[in-house]
Amino acid sequence: MLSNAALWLSSRLPQQCLACHAWVRGGPLCAACLACFAPTAQRRCTGCGLPLPDGYAGPHCGQCLRQPPPWQACHVWVDYGYPWADILTRWKLHPQPALARPIARWLRASPALARAVAQADVLVPIPLSAPRLRERGFNQAAQLARLLAPQKCQATALQRPRETASQRGLTRAARLRNLRRAFTVPVPALVQGLHVLLVDDVLTTGATLRGASRALLDAGAAAVSVLAVARTPQQ
Ligand SMILES: [Zn+2]
Ligand SMILES: [Zn+2]
């Protein structure tokens, strides 16, 4: 494990852009690759975060119109693919400030994501289960929530005491019930009457975020929105 001084230094030394290998300071991607791999013009469904087809007028895709998610809005920055999958995996394996800080800075520079953070009363990261947290040593969603809004972050409001059992073979309703029970809100006063922004690194099926949203709403949160760095493409 690197010392704090070594981590501080490593975050300031020039490094090679992970996509084009140009020398760059202050981030894993150079400005040109950032513009290429984090397109700002992409419109997304405000329910599930998937890209909306060109010319589609409404804010929700057909699937979210038929089956609205429990959250008010979903904010996603990029698609989970090259080079973000690699960057997010590196970050998950090592609590590198050299990756977390630029990602938080880029997210704050997006007007839609900055608005989502500003409109929330409190930011709550999706917790790792207690055994997983012991194994990994840090939770990247909590690190991101703290970097996005240190004064609003309630890193322990939502807890996940144990690993969720395998969901294979269960009906959708049973899976949702399981995930809802997986999360607890030990101090409801931390979220009661508040607009909570749930923070996660990758949105895949949304099942985890659904379970966490229901637990927060059951505990008395006035509303929940979600923010994820990346969204896996349609399955
Ligand atoms: Zn580059
Ligand atoms: Zn949708």
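Modeller: In strand β6, 7 of the 9 residues are buried, so β6 is largely enclosed by the rest of the structure. A residue is buried if 20 or more other C-beta atoms lie within 10 Å of its own, exposed if 12 or fewer, and partly exposed in between; the C-beta atoms are placed from the backbone. Strands (E, at least two residues) and helices (H or I, at least four) are DSSP runs, numbered from the N terminus.

A word on the source. This is a predicted model, in which local features need pLDDT of at least 70, side-chain atom pairs count only at pLDDT 80 or more, and totals for chains, interfaces and linings use all residues. Residues are numbered from 1 along each chain as its sequence is written, while chains are lettered from A and ligands numbered from 1 in the order in which they are written.

Now the sheet around β6. Strands of a sheet pair through backbone hydrogen bonds, either parallel or antiparallel. Here, 4 strands form an open sheet in the order β3-β6-β5-β4, and the pairing is parallel. β3 (74-79) and β4 (122-125) stand at the edges with a single partner strand each, so one side of each has no neighbour in the sheet. From one strand to the next, the twist averages 20°. Such angles run from 0 to 180 degrees between N-to-C directions, with axes as lines fitted to C-alpha atoms, for helices over the stretch in contact.

Look at the partners of β6. Two strands pair if DSSP finds at least two bridges between them. β6 (residues 223-231) pairs with β5 (residues 195-203) over 8 bridges, in the parallel sense. In one of these pairs, L198 has V226 of β6 as its bridge partner. R231 in β6 is the bridge partner of L203. R231 is also the bridge partner of D79. β3 and β6 run parallel too, joined by 5 bridges.

Next, the helices that lie across the sheet. Helix α6 (residues 111-119) lies across β3, β4, β5 and β6, at about 150° to β3. Helix α10 (residues 207-218) lies across β5 and β6, running at about 165° to β5. α10 has 12 residues and reaches 16 Å from its first C-alpha to its last, close to the 16 Å expected at 1.5 Å a residue. That expected span is 1.5 Å times one less than the number of residues. In α10, the buried residues are L209, G211, A212, S213, A215 and L216. Their cover includes α9 (172-182), β5 and β6. Two residues are in contact if their C-beta atoms, placed from the backbone, lie within 7 Å. Just after α10, G220 takes a positive phi of about 110°.

Leaving aside neighbours within four places in sequence, L123 is in contact with V117, A145, L148, A149, K152, C153, L197 and V199.

Finally, step back to the whole. The protein has 10 helices and 6 strands. Buried residues make up 32% of its 235 residues.
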